Structure formats: structure tokens, C-alpha cells
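Work through these exercises with the structure open. Try each task before you read its solution.

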Amino acid sequence: MRIPIYQVDAFTSRLFGGNPAAICPLESWLDDRILQAIALENNLSETAFLVPMGERYHLRWFTPACEIDLCGHATLASAYVVFNYLKKDLAAVQFMTISGELVVRRQDDLLAMDFPSRPPEPCDEDTVKVGLALGKAPVDLLAARDYLAVYESEADVRTLEPDFKAVAQLGRMVIVTAPGEQADFVSRFFAPAHGVDEDPVTGSAHCTLAPYWSKRLDKKLLTAWQVSRRGGELFCEDRGARVTLAGNAVPYLEGAIFLE
């Protein structure tokens with residue numbers, strides 16, 4: 001069996017920046033054990049698989065360790081593959097996922113994703129253990145799907161050196177954030193329990209970051225920079241129950257996987 005594979009750098013306009021995702025279009029679903037084995041072999045933060053459903057696609061995301069419920073950069077990369085290789089005449093693509101329907105539209109030079117909003121709530125009782133795992137106590141701690149640890153400055157976020165074993169034991173993935181020097185806000189994202197110590201650029205984290213910073217800064221349109229080693233830029237809009245997350249994408253490779 002021959003499976004097409006594309007690798008795309010998402011949330012960047014330059015090659016070797018942003019977050020790389022592997023995209024595998026399938027004719028029908030394979031056994032989950034094979035999907036997980038492919039994701040492990042690719043050894044990227046996410047491998048996305050998509051199967052046609054009429055005019056839409058069924059989309060799933062796998063880290064090297066497990067399937068996850070929402071992934072922004074691999075959705076952006078999947079839309080890039082659809083628009084540039086599979087259905088070049090589309091202006092928008094609909095993905096059916098475990099998190100509901102996700103729509104990605106062409107928006108000038110960007111791809112704009114319509115995602116659910118996940119506003120965080122205070123969880124001060126966990127501040128000490130999260131601070132110990134991250135190596136520095138945050139000034140505020142909130143949570144939605146993930147912990148949101150808030151720091152005073154971009155320098156605080158950039159210089160964090162987490163204990164990944166301790167982070168893995170927290171029970172949640174961790175977003176760290178602060179006001180940005182060149183963008184409205186900056187962030188990093190840690191998910192060692194899911195096989196990814198630090199994710200280069202995390203779209204799903206901005207489902208929590210966008211409503212938090214929109215409320216704090218009293219503005220709906222926000223610029224974001226994820227200050228990982230590779231770095232990535234996002235353009236966010238808080239729309240209440242939904243958020244728009246937009247960014248660029250750059251192709252890296254096109255090939256095939258061979259399964260016996």
C-alpha cells in the first residue's frame with residue numbers, strides 16, 4: 001500500500017520555521033494502530049490523516065504517543081495540502097473532527113481557521129506545583145483544557161527551563177504566556193505527557209490565549225508570537241464562542257509511505 005505524505009511548516013512564511021506537520025490523505029481509514037505507528041515513525045509533534053466525506057474531509061491528529069482532540073497547526077497544514085494539491089479550486093475546506101466541524105478559508109496570503117473558543121478559568125490552588133514544574137512561579141494561573149500560566153514579561157517566557165518529567169505529571173498540558181514586545185502576546189507550549197516536550201507553534205493553545213488576551217487588552221484582533229526555537233506567528237480574532245486563527249504555511253516535502 002502506498003500512502004501519500006506531505007510535510008508542511010505551519011504558522012510561518014519561511015522554510016524551517018513554524019511547526020512542521022505531516023499530512024497523509026487516505027482513501028479510507030486504516031487501523032488505529034497503523035495510524036499511531038506512522039505518527040511515531042514520522043516523529044513530528046503531529047501527523048494528520050484525512051479521508052474524503054463528499055465535499056468535506058474527516059480529519060484526525062496523532063502525536064508520536066497518542067491521538068489528540070484538537071490541533072491547529074496540523075489543521076492549517078491539512079488545508080494547505082487540500083488547497084494546493086487535492087482541490088485547488090476551493091476557497092474554503094470543511095473538516096469533520098472530534099472537536100466538531102472546523103472550516104479553513106483562504107484569506108489573502110493567509111489561511112484562516114474557525115475554531116472553538118476555550119476561555120480559561122482561575123485555578124489558583126495549582127499555582128505552586130505548576131510553578132515548581134516550570135522552574136518559575138507564574139503571576140497568575142488559569143485553566144481550560146490546558147493550564148495557562150501567565151508571566152510578567154516576554155523575557156520570563158523565553159527563559160523558562162521546565163522540568164519536563166514534572167510537567168508530564170501535572171495532568172494537563174501547559175501554556176505559558178506574557179505580554180509581547182513586538183506582538184500583543186507571546187507564548188510557549190509544553191506537552192511531555194503526550195510525547196512532545198515543547199511544541200514549536202500550537203494553534204489549539206490560542207483557543208485559550210485569544211479570549212484571555214482579548215479580555216485583558218480589550219481588543220478583538222490580536223497578533224501572537226510563539227517564542228519556541230523555531231518560532232511562529234498567528235493572527236487571532238476573538239468572536240465570542242469561536243476564534244479565528246490565521247497564519248501562513250510553507251511546503252517542505254512530498255513523498256510516499258509504503259506499507260506491506
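**Exercise 1. The cavity**

How many nonpolar, polar and charged residues are in the lining of the largest cavity?

Solution. Keep in mind that this is a predicted model.
- Step 1: Start with the count of cavities. The structure holds one cavity of 30 Å³ or more.
- Step 2: Take its volume. About 140 Å³ of space lies in the largest cavity.
- Step 3: Find the residues around it. The lining has 18 residues, and Glu46, Ile68, Met173, Phe189 and Asp199 are the closest to the centre.
- Step 4: Sort the lining by class. Seven residues are nonpolar, eight are polar and three are charged.

**Exercise 2. The pocket**

Find the residues that line the largest pocket, and sort them by class.

Solution. 
- Step 1: Take the volume. The largest pocket holds about 170 Å³ of space.
- Step 2: List the lining. Asn19, Pro20, Asn43, Leu44, Ser45, Glu198, Asp199, Pro200, Ser228, Arg229 and Arg230 make it up.
- Step 3: Sort by class. Three residues are nonpolar, four are polar and four are charged.

**Exercise 3. Helix α1**

Which residues of helix α1 are buried, and why do they line one face of the helix?

Solution. 
- Step 1: Pick out the buried residues. In α1 (residues 32-42) they are Leu35, Gln36, Ile38 and Ala39.
- Step 2: Look down the helix axis. The buried residues of α1 fall within an arc of 155°, so they line one face.
- Step 3: Recall the helix rule. Residues three or four places apart point the same way, because an α-helix has 3.6 residues a turn.
- Step 4: Turn to the other side of α1. Arg33, Leu40 and Glu41 are exposed there.
- Step 5: See what the buried residues pack against. Their partners are β1 (2-10), β2 (19-25), β3 (46-53), β4 (56-62), β5 (67-68) and β18 (249-258).
- Step 6: Check both ends. Aspartate 31 caps the N-terminal end of α1, with a side-chain oxygen 2.7 Å from the backbone nitrogen of arginine 33. Asparagine 43 follows α1 and has a positive phi, near 55°.

**Exercise 4. Aspartate 9**

Is aspartate 9 buried or exposed?

Solution. 
- Step 1: Locate the residue. Aspartate 9 sits in strand β1.
- Step 2: Apply the cut-off. Buried means under 20% relative accessible area. Aspartate 9 has 2% relative accessibility, so this residue counts as buried.
- Step 3: Look for a polar partner. A polar atom of the aspartate 9 side chain lies 2.9 Å from the backbone nitrogen of phenylalanine 16.
- Step 4: Look beyond four places in sequence. The contacts of aspartate 9 there include Leu15, Asn19, Arg230 and Val250.

Terms used
Residues numbered from 1 in each chain as written. Predicted model: local features only at pLDDT ≥ 70, side-chain atom pairs only at ≥ 80, totals over all residues. Heavy atoms only, no water. 1 Å grid on protein atoms, 1.4 Å probe; cavity = no way out; pocket = protein on both sides within 12 Å on 5 of 7 lines; lining within 4 Å. Points joined across faces, edges and corners; volume = space filled by probe spheres on them. Nonpolar A, V, L, I, M, F, W, Y, C, P; charged D, E, K, R; others polar. Buried < 20%, exposed > 50% of the residue type's maximum accessible area, 1.4 Å probe, protein only. Helix = DSSP H or I, 4+ residues; strand = E, 2+ residues; numbered from the N terminus. Arc of directions from axis to C-beta. Contact = heavy atoms within 4.5 Å. Polar contact = N/O pair within 3.5 Å; in protein donor to acceptor, adjacent residues only side chain to side chain.
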